[in-house]
Amino acid sequence: MGIEIERKFLVSGDGWRAAAHAVLPMAQGYINDSAAIDSGAQQASVRVRIQGEQAFLNLKSRDIGHTRQEFDYPIPVDDARALLALCVGGLIDKRRHLVRHGGLLWEVDEFLGDNAGLVVAEVELDDAAQAIDLPEWVGAEVTDDVRYYNLALAAHPFSRWAR
């Protein structure tokens, strides 16, 4: 069983751009919707992702917060394209920028399409209590705010939020 320990933050400014050493285009969708997860009818999200020239099927427990069970399996890209056509809700289109800071790898997701304007930074940790050195471009922590989970963004895109 895989365990993901991750913290998520809003990004302020563009200071991360110069530090990014790689950019990965991503398209992803969900086989189940947020209502099934929110109601407790299902205990895990089922995601299909095409990341550059690779594709993955991912299952993630519905736990809120920084620690969740996660299972990630490589699948053929053609299968992923077919599965994306079966997804419910909207598709997530984003560019993931990889940035090293403070000995950790940060993933800065720049959302496109219906979620354009949203930029979120995530960092995976070895331990939930691990101290992290926050980059100057990191803003408010949103780890526990389900609105920023990709599953929620597929159903309720950032462009439709009342701000």
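Buried, as used here, means under 20% relative accessible area, with exposed being over 50% and partly exposed in between (1.4 Å probe, protein chains only). Strands (E, at least two residues) and helices (H or I, at least four residues) are DSSP runs, numbered from the N terminus. The model is predicted, so local features need pLDDT of at least 70 and side-chain atom pairs count only at pLDDT 80 or more, while totals for chains, interfaces and linings use all residues. Residues are numbered from 1 along each chain as its sequence is written, and side-chain values use heavy atoms, leaving out hydrogens and water.

Strands pair if DSSP finds at least two bridges between them. Strand 7 runs antiparallel to strand 6 (residues 88–101), and eight bridges join the two; Phe111, for instance, is the bridge partner of Lys94. Two residues lie between these strands in their hairpin, where Gly102 takes a positive phi near 60 degrees. Strand 7 is also joined by five bridges to strand 8 (residues 119–124), again antiparallel, with Glu110 bridging to Val119.

Attention now turns to a loop. Thr143 sits between strand 9 (138–141) and helix 3 (150–155), and its 5% relative accessibility means that Thr143 counts as buried. A polar contact (N or O atoms within 3.5 Å; within protein, one must be able to donate a hydrogen and the other to accept it, and residues adjacent in sequence count only if both atoms are side-chain atoms) links the side chains of Thr143 and Glu141 at 2.7 Å. Leaving aside residues up to four places away in sequence, Thr143 touches Glu6, Arg7, Lys8, Gly65, His66 and Tyr149, contact meaning heavy atoms within 4.5 Å.
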